[in-house]
Amino acid sequence: MGIETKPALARRGILAGGAALLAAPALRAQGAPIKVGLVAVLTGPQAALGTQLRDGWTLGLRHLENRLGGRPVETIVIDDELRPDVAVTKVRAALERDRVDFVVGVVFSNILQAIMRPVTEANTFLISTNAGPSTFAGRGCNPFFFATSYNNDQVHSVMGQAAQDAGYRRVFLLTPNYQAGRDAMAGFKSRFQGQVVDEVYVPLTHVDFSAELARIAALRPDAVFTFMPGGLGVNLVRQYRQAGLQNIPFLSTFTVDEATLPAQGEAALGFFSGANWAPNMENEQNRRFVRDMEAQFNYVPATYAAQSYDTAMLLDSAVRRVGGNLADKNALRQAIAAADFRSVRGAFRFGANQYPVQDFWLCQVVRRPDGRFQTQTVRRVLEANVDPWAGECRMPGRV
Amino acid sequence: MTWRDAALPAGVFAALALAPFLGFGQSHSLTLLARAMIFAMAAISLMLLVGGAGLVSLGHAAMMGVGAYAVVVLDHARITEAWAVLPAGVGATALFALATGAIAIRTSGVHFIMITLAFGQMAFFTASSLALFGGDDGYTLYGRTEIFGARLLEDRLAFHFACLFCLVAAWALVRALLASRFGRVLRAARENETRVRALGLEPYPYRLAAYVIAGAIGGLAGVLLANATEFVAPAYLAWQRSGDLLFMVILGGLAGPHGALLGALAFVLVEEWLATLTEHWRLIFGPLLILCVLFLRGGIAGLLGRG
Amino acid sequence: MTATLLLVQVLNGLQFGILLFLVAAGLTLVFGVMDFINLAHGVQYMIGAYLGATLAALTGSFWFGLLLALPAALVFGLLLEVLVFRHFYERDHLSQVLATFGVILVLNQGVKAVFGAAPMQMPLPEALSGGVRIMEGLLYPSYRLAILAAGLVTAGLLWFLVERTKLGMLVRAGASNAPMLSALGVDVRRLFMMVFGFGAMLAGFAGAMAAPILSVEPGMGDNLLILAFVVIVIGGIGSIRGAFLAALIVGLVETIGRSMMPDLMRLFLDPSAARQTGAALASMLIYIVMAAILAFRPAGLFPVRT
C-alpha cells in the first residue's frame, strides 16, 4: 500500500525548488512553504464552477508571485466530486498527511457542511470562497471558519429588495428542491412584501422547464424570481426566452453569471441577477483581476473566481501581519479578521460572525463590445449589509 | 471450498489488523482503510445476492443509506448509544429490505435490476426531501456512536478495529450462509429454478431471506459509514453508489465472499490513489475497469487464487 | 388547472416522451437483439449533442450541424463497437455492465478534457426560432413542435423498418431467438453491427436535436440513460412498440405529475409543505409507476421473448 505516500513525495519534489532558495538557518521555519488545501468540484456537471474557483485562486497566487506574506505557497487541489464522504476522506488526508495550514474553497454548501468539523476540530482555518450557509453564520459560527463570499440569504434577499423597490406586486418563485433552493425562497421573501403567486420546486436533475413555463404564462406575474445554478440555469434561461416570456422581468441569483453566460448567450440579455461583485466594477484591483483572468484562462471570470482571488489576497495580508508565524492561532485569527487587503469588490470587512459585511448589487446581463457576455452593476441595493444570522452568533474571543 | 478460499481472506484480515502498526497508523490512513472496510462489508452483503442468489441489485446503496439515516434520526433525538443505534440501524434496514424485497423478488434478471433501482431512487428522493435532517445538504452528526457512555469510537484505532471486527463477522456470516443448505438452495434456484420447484422447494422465501440479510448487513455498513464521516447526506443513496458497489463485487470475482472483499479494497484504494495523480483520473480508471473485465475473468480473487 | 394549460402540459409530455423514445429505441434493440446491456448508450446521446453543437459552430449552420452529426455519431458508435463492445457480446450481463460503465467514465471525462467543463450551446435554427401562441402570453416554440414531428416521423420509419422489411424481420427474429437465427446462416455479427450503429445514431440524433433547448454538458446523458432503461423495461425488452408506448407514458407522467402533484398534495397538507412533498413525490412518480407495472407484469407491457 505504498500508493499512499507516493503522490505526497512527488508533490514535495515540486516545491523543493522554491524552498532551496532560502539558505539562512534562522529563516528556515519561515521559509518552509505554507500549504493550502483547495477544495473544489472538478468532476461532474458542476465542474465549471469549481474550475472558476480554482483558477481565481491560481491567478491570485500568480499576482503574489506564489507567496503569501513572503512565504512560498504550495496548493494541494482537492476535487470533492460533489460527494460529501469523498470530500471528508480527502480533506482529512490533506489535514493529517500533508499538514495543510489552511483549507480554502468549496462551491456547494453540502460539501462545506461535511468538512466543517474535520477541519475546524484540527484547529485549522477554513475559508469558504463560495458556499455561505446560514448554519455557520448564526449559532453554528466557529472561530476557525471565515467566509469571503456571502451568506446565502443575503444574495437572495437582494433580489427581494430589488423586486420591492421596482414596485412588483405579484412574483412567481422557482427553485430546485434542495436546501439551498428552500433558503433562496426564504431569503427572497424576507424583503419582498408583495404577493407570491406561486412557488414551484423542481428536482436538481431537471432539464425541461416547459411545464413550469406554462404555469408562469398562465399566472402572468409581474416578475419571476429564480435560483438555478449551473446547467439548470442554462436550460431555464434559454427555454424562458424560447417560450416568449422575456417581457416578464427575470430576477435571479447564481443563474445568469459568467460561468453559464457562454452557454446562455443572447437568451440571457437583459436578465437580472443579484451579486456582491460584477466584472465591470471600477477599481484598480478589479480591472487587473478581470484583464488577467481573461488573458490567462480565456473566459470572463464569475464571482467564484473573484472571491477566490480575494481570498488569496486576504491570506497574503494575514500571513504578513503575523510575520509568517502561523503557530499562534489567536494572532492569526485576528490578522485574518482585520481583512487588511484591497478587495476586487471595493469595501470589504468581516462581521462578528466572520462573514463579510459588504454591498450588494442589482446586476444585468449585457453584451460587451467584444461580443462576450457579462453581468454589469445596475445599482447598489444593500449597503454594508450584515447577514440576518450574525446576531445569533456567540463567537468566542480566543481559541 | 479449498484452503485458498480461507487463506486469502485470512491474509487480508491479518494485513488489515497489522496495518496500523506497519506505518499506516496515521489517522488519515486509518480513515481511508475504514472507508475501504465499510464498503467491503457492503460489497460482501451484495455478494450474497449477486453470487449466491443471482439477484443483481442496483439499489444496495439505499440499504447503507437507511442504516446511515437511522443514525441521523437517533442523533437528532440525541441518542448516540450503540445499544440503541445498532439495532435501530440494522432493524430499519431489514424492514426496508423486507418491504421492497417482497415486491422486487417477484421479478428476475434485468427487471430485478430495474425494480431495485426504482426503490433505491425512491429512498434517495425521500432522503433529499427530509428538511428536518438538512435535506440535500446532509446532516452533521452530533458525535460518534457511544458504547455504554464511553466515546470509544472517537479513537481512530478503536474505530479501525470495530470496522475490522464487523467486516470479519460479515464475511464469516455470508460464507457460512453460502456453504449451508440455505446457500445451496439459493444457488440451485439460480442455476435451474424449474428443478428446484420440482423438488418441492419454493425459491421465493429463500431469496427474500437472502435479500433481508444482505440488507441488514448493508445497514450495519451504513451505520459505520455515518460514524466514519460523522456526516450523512442523500448522496450516500445515489444510484451511482449502488453501481460502485456492484462493480466492487464483479471486480473481485464471484467465487466467494472474499472476492467482494478484495474488489472493494482494490476499488477504494485505487480510486483514491488515481485521484491524487491527475484531475482526469477517470480517463485512467475507465480503461482499467474495461481491461479488468476483459482479462480477469474470475475477478481479482480468480487471479490471486491461480497464483 | 385550465384546459389550455393541460393541453400545453400534454404537448410537453409528448415531446419529452419522443426524445426518450429515440434514446430508448436504440437501447431496446441492442438489448433485445444482442442481449447486450449498454450503459454507455446515454453517452452516445451526449456525444450527439456535443457533435451537433461543435459542427454547427464550425459550419455556422444548425442544419449542417445536425446533418453532419448523424454520420459522425454513427461512426463514433461503430468505433466503440469495434474497440470495446464487440469483445463483450459473449460475456455475461455483469461484465457488460462493468465494461460499459468504464466507457461512461472515460467519455464523460473525455468531453470535459476536450471541450472544457463549462456548458456549451447550439443556436436555434433561424426558421424555427419563433413560436406558436397557444395561450395568452405563452409561445410554444416551433422548434419543440419540430422535435415532436421529427420524432414521430422517425418512430414511423423505425416501425416500418422493423415490421415491414426483410432486415426488420431479421432484427425481430434476432430479438426473440438469436442462436436460431445464426444457425439459419444469417451473419449475426454484421446484423449486430448494423443494429448497434443505427442505435447509436438514433441516440446521437436525439442529443443533437435536444442541444438547442438543453445545456450541453458532461454527464448530460446519465440521467436520461436511467429513464431510457425505465422505458424499455416498462415496454418490454426488445419491443419497439413497447418502447414507444412506455416512452410516452413516462414523458406524460413525468411532466403532468410535476405540475399536478403539488396541487394534489395541497388537499392534505399546508401549502409550503405540499409544494415540497409534491415535488419529491413527482420525482418518484415514474419509479412508482415502473415498480407497479413490474409487480403485476414482471416482463413489461409487451414482452418479446417467450
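The structure is a predicted model, in which local features need pLDDT of at least 70 and side-chain atom pairs count only at pLDDT 80 or more, whereas totals for chains, interfaces and linings use all residues. Residues are numbered from 1 along each chain as its sequence is written, and chains are lettered from A and ligands numbered from 1 in the order in which they are written.

Chain C contains 11 helices and two strands, where helices (H or I, at least four residues) and strands (E, at least two) are DSSP runs numbered from the N terminus. Along the sequence the elements follow the pattern α-α-α-α-β-β-α-α-α-α-α-α-α. The radius of gyration of chain C is 20 Å, close to the 19 Å that the globule rule gives for 306 residues, so the chain is as compact as a globular protein of that length; the radius is taken over C-alpha atoms, and the rule is 2.2 Å times the number of residues to the power 0.38. Along the principal axes, the C-alpha atoms of chain C fill a box of roughly 65 × 50 × 35 Å. Of the 306 residues in chain C, 58% are buried, a residue being buried if 20 or more other C-beta atoms, placed from the backbone, lie within 10 Å of its own, exposed if 12 or fewer do, and partly exposed in between.

The contact between chains C and A takes 34 residues from chain C and 34 residues from chain A, two residues being in contact if their C-beta atoms, placed from the backbone, lie within 7 Å. On the side of chain C that touches chain A, the elements giving two or more residues are α1 (3-34), β1 (131-135), β2 (138-141), α10 (240-265) and α11 (271-296). By class, this side has 17 nonpolar, 13 polar and four charged residues, with Ala, Val, Leu, Ile, Met, Phe, Trp, Tyr, Cys and Pro counted as nonpolar, Asp, Glu, Lys and Arg as charged, and the others, Gly among them, as polar.

Towards chain B, 32 residues of chain C are in contact with 31 residues of chain B. Helices α4 (93-115), α9 (220-235) and α11 of chain C each give two or more residues to this side, and α4(C) gives the most, with 12 residues. The side of chain C that touches chain B has 24 nonpolar, eight polar and no charged residues. Helix α4(C) itself has 23 residues and reaches 32 Å from its first C-alpha to its last, close to the 33 Å expected at 1.5 Å times one less than its number of residues. Just after α4(C), C:Gly116 takes a positive phi of about 85 degrees.

In chain A, the domain assignment, which is automatic or from a database, gives domain 1 (2-150 + 300-357) and domain 2 (153-275). Their C-alpha centres lie 32 Å apart, and 13 residues of domain 1 are in contact with 11 residues of domain 2. On the domain 1 side, α3 (47-63) and α12 (303-321) give two or more residues, and the largest share, three residues, comes from α3(A).

In helix α7 (residues 181-191) of chain B, B:Gly183, B:Val185, B:Leu186 and B:Ala189 are buried. Seen down the axis of α7(B), these residues fall within an arc of 160 degrees, so they line one face of the helix; the arc is that of the directions from the helix axis to the C-beta atoms. On the other side of α7(B), B:Arg181 and B:Glu191 are exposed.
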